Amino acid sequence: MSAVINQGLIEKFDRQAEQQRQIRDEERNTIQDRVDANNKLNEILDEQEKLMLANVELQIKSAQAQYSKNDSDENAIALQEAKNEKAAIESQIEGFRSEQKVNDAVLAKEQLELELSITDAVAKLN
(Lines give C-alpha, C1' and ligand atoms only; values in the text may rest on other atoms or scores of the structure.)
Protein backbone atom coordinates (compact mmCIF):
# COMPACT_ATOMS: atom_id res chain seq x y z
CA MET A 1 0.00 0.00 0.00
CA SER A 2 2.85 2.39 0.84
CA ALA A 3 4.31 2.02 -2.64
CA VAL A 4 0.96 2.99 -4.15
CA ILE A 5 0.72 6.02 -1.84
CA ASN A 6 4.24 7.06 -2.81
CA GLN A 7 3.37 6.77 -6.50
CA GLY A 8 0.46 9.15 -5.92
CA LEU A 9 2.76 11.55 -4.06
CA ILE A 10 5.26 11.42 -6.90
CA GLU A 11 2.59 12.39 -9.41
CA LYS A 12 1.21 15.17 -7.21
CA PHE A 13 4.58 16.72 -6.48
CA ASP A 14 5.91 16.20 -10.00
CA ARG A 15 3.05 18.30 -11.35
CA GLN A 16 3.66 21.07 -8.82
CA ALA A 17 7.40 20.98 -9.50
CA GLU A 18 6.88 21.09 -13.25
CA GLN A 19 4.66 24.16 -12.92
CA GLN A 20 7.49 25.94 -11.11
CA ARG A 21 10.03 24.78 -13.70
CA GLN A 22 7.86 26.27 -16.43
CA ILE A 23 7.84 29.65 -14.67
CA ARG A 24 11.56 29.45 -13.95
CA ASP A 25 12.50 28.47 -17.49
CA GLU A 26 10.30 31.04 -19.25
CA GLU A 27 12.84 33.70 -20.25
CA ARG A 28 10.10 36.30 -20.77
CA ASN A 29 9.45 36.28 -17.01
CA THR A 30 11.44 38.60 -14.81
CA ILE A 31 14.59 37.30 -13.19
CA GLN A 32 12.92 37.70 -9.78
CA ASP A 33 9.88 35.67 -10.85
CA ARG A 34 12.19 32.97 -12.16
CA VAL A 35 14.29 32.96 -8.97
CA ASP A 36 11.11 32.79 -6.87
CA ALA A 37 9.85 29.83 -8.91
CA ASN A 38 13.19 28.03 -8.48
CA ASN A 39 13.04 28.65 -4.72
CA LYS A 40 9.45 27.37 -4.63
CA LEU A 41 10.62 24.29 -6.52
CA ASN A 42 13.13 23.66 -3.74
CA GLU A 43 10.34 23.91 -1.15
CA ILE A 44 8.24 21.44 -3.13
CA LEU A 45 11.16 19.01 -3.27
CA ASP A 46 11.64 19.33 0.50
CA GLU A 47 7.97 18.52 1.13
CA GLN A 48 7.99 15.66 -1.38
CA GLU A 49 11.07 14.15 0.23
CA LYS A 50 9.66 14.48 3.74
CA LEU A 51 6.32 12.83 2.94
CA MET A 52 7.70 10.10 0.74
CA LEU A 53 10.43 9.13 3.20
CA ALA A 54 7.95 9.08 6.09
CA ASN A 55 5.73 6.80 4.04
CA VAL A 56 8.53 4.45 3.04
CA GLU A 57 9.73 4.30 6.66
CA LEU A 58 6.31 2.87 7.56
CA GLN A 59 6.75 0.34 4.79
CA ILE A 60 10.19 -0.62 6.15
CA LYS A 61 8.89 -0.94 9.71
CA SER A 62 6.02 -3.14 8.55
CA ALA A 63 8.36 -5.34 6.51
CA GLN A 64 10.80 -5.51 9.43
CA ALA A 65 8.01 -6.59 11.78
CA GLN A 66 6.96 -9.34 9.39
CA TYR A 67 10.55 -10.47 8.99
CA SER A 68 11.08 -10.46 12.76
CA LYS A 69 8.03 -12.72 13.19
CA ASN A 70 9.03 -15.04 10.38
CA ASP A 71 12.46 -14.81 8.76
CA SER A 72 11.36 -16.47 5.55
CA ASP A 73 12.95 -15.65 2.22
CA GLU A 74 9.71 -13.95 1.17
CA ASN A 75 9.80 -11.61 4.19
CA ALA A 76 13.52 -10.96 3.74
CA ILE A 77 12.87 -9.98 0.13
CA ALA A 78 9.99 -7.70 1.12
CA LEU A 79 12.21 -5.97 3.69
CA GLN A 80 15.01 -5.50 1.17
CA GLU A 81 12.55 -4.18 -1.42
CA ALA A 82 11.30 -1.61 1.10
CA LYS A 83 14.87 -0.52 1.81
CA ASN A 84 15.54 -0.33 -1.92
CA GLU A 85 12.46 1.85 -2.34
CA LYS A 86 13.86 4.26 0.24
CA ALA A 87 17.17 4.43 -1.63
CA ALA A 88 15.29 5.01 -4.90
CA ILE A 89 13.34 7.90 -3.37
CA GLU A 90 16.51 9.47 -2.00
CA SER A 91 18.20 9.12 -5.38
CA GLN A 92 15.25 10.56 -7.29
CA ILE A 93 14.95 13.59 -5.01
CA GLU A 94 18.71 14.17 -5.15
CA GLY A 95 18.54 14.22 -8.94
CA PHE A 96 15.75 16.80 -8.81
CA ARG A 97 17.80 18.84 -6.32
CA SER A 98 20.83 18.81 -8.60
CA GLU A 99 18.74 20.25 -11.42
CA GLN A 100 17.30 22.91 -9.09
CA LYS A 101 20.77 23.89 -7.84
CA VAL A 102 22.18 24.16 -11.36
CA ASN A 103 19.35 26.47 -12.30
CA ASP A 104 19.90 28.52 -9.16
CA ALA A 105 23.47 29.17 -10.31
CA VAL A 106 22.36 29.96 -13.87
CA LEU A 107 19.77 32.45 -12.62
CA ALA A 108 22.30 34.13 -10.33
CA LYS A 109 24.66 34.49 -13.31
CA GLU A 110 21.86 35.90 -15.49
CA GLN A 111 20.93 38.36 -12.77
CA LEU A 112 24.54 39.51 -12.41
CA GLU A 113 24.91 39.91 -16.17
CA LEU A 114 21.70 41.93 -16.30
CA GLU A 115 22.88 44.19 -13.48
CA LEU A 116 26.24 44.69 -15.18
CA SER A 117 24.49 45.53 -18.44
CA ILE A 118 22.34 48.11 -16.68
CA THR A 119 25.40 49.58 -14.97
CA ASP A 120 27.24 49.83 -18.32
CA ALA A 121 24.23 51.46 -19.97
CA VAL A 122 23.94 54.05 -17.18
CA ALA A 123 27.67 54.76 -17.35
CA LYS A 124 27.43 55.35 -21.11
CA LEU A 125 24.59 57.81 -20.57
CA ASN A 126 26.68 59.88 -18.17
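Here is a quick tour of the overall shape of this chain and the charged pairs in it.

**The overall picture**

This is a predicted model. The protein chain has three helices and zero strands, so its pattern along the sequence reads α-α-α. The C-alpha atoms fill a box of roughly 80 × 20 × 15 Å along the principal axes.

Buried residues account for 26% of the 126 residues. As for contacts between residues at least 6 apart in sequence, 72% of them join residues at least 24 apart.

**Charges and salt bridges**

On the charge side, the protein chain carries 16 positive and 26 negative side chains, and the centres of those two sets sit 3 Å apart. Side chains of opposite charge can pair when their charged atoms come close. Searching the whole structure turns up 10 salt bridges.

| Positive residue | Negative residue | N to O distance |
| R97 | D46 | 2.9 Å |
| R97 | E49 | 2.8 Å |
| K86 | E57 | 2.6 Å |

Take R97 and D46, which form a salt bridge. R97 belongs to helix 3 and D46 to helix 2 (residues 31–69), so this pair ties together parts that are 51 residues apart in sequence. R97 counts as buried because its relative accessibility is 10% and the cut-off is under 20%. D46, at 37%, is partly exposed.

R97 also pairs with E49. E49 lies in helix 2 and R97 in helix 3, so the two link parts 48 residues apart in sequence. E49 is partly exposed, with a relative accessible area of 23%.

Then there is K86 with E57, whose side chains meet in a salt bridge. K86 is in helix 3 and E57 in helix 2, so here the tied parts are 29 residues apart in sequence. K86 is partly exposed at 24% relative accessibility, and E57 is partly exposed too, at 27%. Elsewhere, salt bridges with shared partners join E18, R21, R24, D25 and E99 into one network.

**A look at Q100**

Which residues does Q100 contact, leaving aside its neighbours within four places in sequence? They are R24, N38, N39, L41, N42 and L45. Q100 is found in helix 3 (residues 73–125), and at 6% relative accessibility Q100 counts as buried.

Methods
Residues are numbered from 1 along each chain as its sequence is written. This is a predicted model: local features need pLDDT of at least 70, side-chain atom pairs count only at pLDDT 80 or more; totals for chains, interfaces and linings use all residues. Side-chain values use heavy atoms; hydrogens and water are left out. Helices (H or I, at least four residues) and strands (E, at least two) are DSSP runs, numbered from the N terminus. Buried means under 20% relative accessible area, exposed over 50%, partly exposed in between (1.4 Å probe, protein chains only). Contact means heavy atoms within 4.5 Å. Lys and Arg count as positive and Asp and Glu as negative; His and the chain ends are not counted. The place of a charge is taken as NZ of Lys, CZ of Arg, CG of Asp or CD of Glu. A salt bridge is a side-chain nitrogen of Lys or Arg within 4 Å of a carboxyl oxygen of Asp or Glu.
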